[in-house]
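The following exercises are to be worked with the sequence and the structure at hand. Each task is followed by a solution in steps.

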Amino acid sequence: MGCSLSKKKKIAIPPPGYEDPDLLASVTPFTAAEVEVLYELFKKLSSSIIEDGLIHKEEFQLALFGNRNRNNLFADRIFDVFDVKRNGVIEFGEFVRSLGVFHPNAPVHEKITFAFKLYDLRQTGFIEREELKEMVIALLHESELVLSEDMIEVMVDKAFIETDRNNDGKIDLDEWKDLVSMNPSLIKNMTLPYLKDITATVPSFVLSCEDEELELQNLYS
């Protein structure tokens with residue numbers, strides 16, 4: 001009479017911040033099927049160090065650089081902007097919504113706003129001179145380009161002369177939009193072409209990660 005507890009189907013409990021694929025598809029350039037594929041990637045990233053269904057900063061660094069301890073201002077800022085709730089972790093909904101900005105079909109104004117947030121290091125709603133300088137130095141370091149301190153100062157000064165129309169010593173969002181319209185390359189990195197074919201790209205990425213883990217297990221077993 002009735003089924004025993006041992007025969008009941010186990011229902012997977014979604015992680016904190018999980019959102020329905022259809023809902024996420026309605027507010028991002030992804031389809032519901034693509035969101036489900038992204039969930040497989042999310043599960044892989046969120047369990048690389050701590051298995052709690054959330055992406056921690058160390059896991060984010062590991063995914064980007066293969067090194068959990070590498071310090072990088074640009075990567076830190078991307079993590080902080082993905083972390084919409086500012087609780088120190090990236091939830092699945094935040095992951096998909098933020099990644100959607102990098103989709104080739106995402107509106108340009110969303111890319112411009114996202115990039116503005118990256119440069120607004122202190123989250124004041126403005127890009128100050130020192131913040132721009134810090135980001136320029138970080139990006140040069142990441143590109144392994146070496147410029148003198150004087151050259152960096154000239155670059156930052158030039159950007160402010162061209163952009164800070166009201167001469168208040170900081171760049172607001174409207175001024176940033178004007179700067180990007182004159183220099184589209186500033187948001188070039190805000191588009192990831194492979195996201196347009198995510199159903200083909202992500203599964204192979206996940207499988208390659210699993211193969212690497214298996215090789216490491218065999219190496220140390």
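**Exercise 1. Salt bridges between helices**

Does Glu153 count as buried, partly exposed or exposed, and what is its relative accessibility?

*Solution.* The model is a predicted one, in which local features require pLDDT of at least 70 and side-chain atom pairs pLDDT 80 or more, while totals for chains, interfaces and linings use all residues. Residues are numbered from 1 along each chain as its sequence is written, and side-chain values rest on heavy atoms, with hydrogens and water left out.

Step 1. The classes are buried (under 20% relative accessible area), exposed (over 50%) and partly exposed (in between), computed with a 1.4 Å probe on protein chains only. Glu153 has 22% relative accessibility and therefore counts as partly exposed.

Step 2. Glu153 pairs with Arg129 in a salt bridge whose closest N and O atoms are 2.5 Å apart; the term denotes a side-chain nitrogen of Lys or Arg within 4 Å of a carboxyl oxygen of Asp or Glu. Because Glu153 belongs to helix H8 and Arg129 to helix H7, the pair ties together parts that are 24 residues apart in sequence. Helices (H or I, at least four residues) and strands (E, at least two) are DSSP runs, numbered from the N terminus.

Step 3. Arg129 is partly exposed, at a relative accessible area of 26%. Through shared partners, salt bridges join Arg129, Lys133, Glu149, Glu153 and Asp157 into one network.

**Exercise 2. Two further pairs**

*Solution.* Step 1. Glu134 meets Arg122 in a salt bridge of 2.9 Å, N to O. This pair links distant parts of the chain, with Glu134 in helix H7 and Arg122 in the loop between H6 and S3, 12 residues apart. Glu134 is partly exposed at 27%, and Arg122 is partly exposed at 45%.

Step 1. Asp80 meets Arg77 at 3.3 Å, N to O. Both residues lie in helix H4, 3 residues apart, which is about one turn of the helix. An α-helix has 3.6 residues a turn, so residues three or four places apart point the same way.

Step 2. Asp80 is partly exposed at 28% relative accessibility, whereas Arg77 is buried at 5%. The salt-bridge count comes to 13.

**Exercise 3. Helix H6 and its cover**

Which residues of H6 are buried, and what does their cover include?

*Solution.* Step 1. H6 has 12 residues, which should span 16 Å at 1.5 Å a residue; the end C-alpha atoms are 17 Å apart, which agrees. The expected span is 1.5 Å times one less than the number of residues.

Step 1. Lys111, Ile112, Phe114, Ala115, Phe116, Leu118 and Tyr119 are the buried residues of H6.

Step 2. Their cover includes helices H4, H5, H7 and H9, together with strands S3 and S4.

**Exercise 4. Loop residues and their contacts**

*Solution.* Step 1. His103 is in the loop between helices H5 and H6 and is buried, at 2% relative accessible area. Residues up to four places away in sequence aside, His103 touches Pro29, Phe30, Lys111, Leu195 and Lys196; contact means heavy atoms within 4.5 Å.

Step 1. Pro29, in the loop between H1 and H2, is partly exposed at 30%. With neighbours within four places in sequence set aside, the contacts of Pro29 are Glu34, Gly100, His103, Asn105 and Ala106. The C-alpha atoms of Pro29 and Val101, 72 residues apart along the chain, are separated by 8.3 Å.

Step 2. Gly53 lies in the loop between H2 and strand S1 and is buried at 17%. Gly53 and Pro15 are 38 residues apart in sequence, yet 5.1 Å apart in space, C-alpha to C-alpha. Again without residues up to four places away, Gly53 touches Pro15, Pro16, Phe42 and Ser46. Phe42 and Ser46 are among the buried residues of H2.

**Exercise 5. The chain as a whole**

How many helices and strands does the chain contain, and in what order do they run?

*Solution.* Step 1. The chain has 10 helices and 4 strands.

Step 1. From the N terminus, the elements run α-α-β-α-α-β-α-α-β-α-α-β-α-α.

Step 2. Of the 221 residues, 37% count as buried.
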